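Subject: A structure for you to look at

Hello,

Here is the structure I promised to pass on to you. Please open it alongside this email, and then read on for what was found in it.

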Amino acid sequence: MISRKVSDLLPGLTKISAVARGLHYDSRRIEPGYVFFAVPGFKEDGTKYLAAAFDQGAVAAIVKEGSHIPEEYRELCVAVENVRRNLAEASARFYDHPGRKLKLYGVTGTKGKTSSAYILDAIFQAAGRRTALLGTVEVRHPGLRRYSEKTTMESLDLQEFLAGAVANGADSAVMEVSSHALSLDRVWGLEFDGVLFTNLSEDHLDFYGDMERYFVAKKLLFSPPYRRSDTIAVTNRDEPYGARIARECAGRWLTFGRTAGDYRIVDPELTATFNRFTLEGPVGSLSLRSRLVGDFSLPNAAGAAVLALGSGIGTEAVK
């Protein structure tokens, strides 16, 4: 069982001398020795559940600055500006930064995330890597497989999953990264080795209000701190927002498309049972065939192939 000094999890916790046996953002999941993160919700504040958390054995709680804290709990609470971000940072420390022990690849966009992630995962496996996959359909690593509850899980659950992937021998992880995950700091603290942008169309505007705010959320994945100077980023030049993101985010880029880009999709053949196309670029002409059919499947396959090639994967594994 993992345990850490509470003071080692976050700089602001120095006044708490206890040992943390676990962390959680759901008061119903608190056990003796846990630290409770009172995440502000859209409908109610997590501080509403402080009493329940402490009754179940919490040794400390992280609350948002300005929250009302009952007198009896004040000595055990630490107020921070961003509870979600602090949860992500504490979770990474609690599980000994598993993301740093894996090659991490993130896929974002409105459509095509799941297909692109599965293709990229399959390419890495063909190249001999032991992979973890996180997305809309399932999460899995060499020791676990289960259906997903969210496209991108909460930061605590994500760090626990990545730690399990490392413990079971994974060396790479491919994940779908939703705009909500970026806006709500679920992937905060992770640095990606490769990132892929598929496209952007009207979706989630109930949350963002307009396309510009939605695009700005997606852009986060292609900028520090998620992206290092050596992170390879890939985008579809045929998509207006794909071309724009490459212009606005500095760093190492590879682009693809039918009419422009570092890699070109040429001579596509679409049938009822397979797609075939040639990917022309720095590695020469690569003839590819996929059982994923439909014109919309071409950029998903091409984007995954380009990200793999840019990450040093050989052409035979991509095929």
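**The protein as a whole**

The protein has 11 helices and 17 strands in its secondary structure. Helices (H or I, at least four residues) and strands (E, at least two) are DSSP runs, and they are numbered from the N terminus. Please keep in mind that this is a predicted model, where local features need pLDDT of at least 70, side-chain atom pairs count only at pLDDT 80 or more, and totals for chains, interfaces and linings use all residues. Residues are numbered from 1 along each chain as its sequence is written, and side-chain values use heavy atoms, with hydrogens and water left out.

How does the radius of gyration agree with that of a compact globule? A compact globule of 319 residues would have a value near 20 Å, and the protein has 21 Å, which agrees. This radius is taken over C-alpha atoms, and the globule rule is 2.2 Å times the number of residues to the power 0.38. Along the principal axes, the C-alpha atoms fill a box of roughly 70 × 40 × 35 Å.

Of the 319 residues, 53% count as buried. Buried means under 20% relative accessible area, exposed means over 50%, and partly exposed is in between (1.4 Å probe, protein chains only). The accessible surface comes to about 14,600 Å², and 48% of this belongs to carbon and sulfur atoms. These areas come from the Shrake-Rupley method with a 1.4 Å probe, and for residues only the protein chains shown count as cover.

Among contacts with a separation of 6 or more, 57% are made by residues 24 or more positions apart. A contact here means heavy atoms within 4.5 Å.

As for charge, there are 40 positive and 39 negative side chains, and the centres of the two sets lie 3 Å apart. Lys and Arg count as positive and Asp and Glu as negative, while His and the chain ends are not counted. Each charge is placed at NZ of Lys, CZ of Arg, CG of Asp or CD of Glu.

Start with strand E4 (residues 34-37). Tyr-34 and Phe-36 point one way from E4, Val-35 and Phe-37 point the other way, and all are buried. Strand E3 (residues 22-24) pairs with E4 in the parallel sense over 3 bridges; two strands pair if DSSP finds at least two bridges between them. Leu-23 stands opposite Val-35 in E4. E4 also runs parallel to strand E5 (residues 60-64), joined by 3 bridges, and here Val-35 stands opposite Ala-60.

Now go to strand E9 (residues 138-141), where Glu-138 and Arg-140 on one side and Val-139 and His-141 on the other are all buried. Which way do its partners run? Strand E8 (residues 131-134) pairs with E9 in the antiparallel sense over 2 bridges, with Leu-134 opposite Val-139. A hairpin of 3 residues links E8 to E9. Strand E10 (residues 144-147) is also antiparallel to E9, with 4 bridges between them, and Arg-140 stands opposite Arg-145 in E10. The hairpin from E9 to E10 goes through 2 residues.

In helix H9 (residues 240-248), the buried residues are Gly-242, Ala-243, Arg-244 and Ile-245. Their cover includes strand E12 (192-197), H8, E13 and strand E14 (252-257).

Thr-235 lies in strand E13. Is Thr-235 buried or exposed? Its relative accessible area is 0%, so Thr-235 counts as buried. Beyond its neighbours within four places in sequence, its contacts include Gly-242, Ile-245 and Trp-253.

The peptide bond from Pro-224 to Pro-225 is cis, with omega near 5 degrees. Pro-225 sits in the loop between helix H8 (211-219) and strand E13 (227-236).

Asp-96 is not a glycine, yet has a positive phi of about 60 degrees. This residue is in the loop between helix H3 (83-94) and strand E7 (103-108), and its 41% relative accessibility makes Asp-96 partly exposed.

Asp-267 is not a glycine either, and has a positive phi of about 50 degrees. Asp-267 is found in strand E15 (residues 263-270) and counts as exposed, at 62% relative accessibility.
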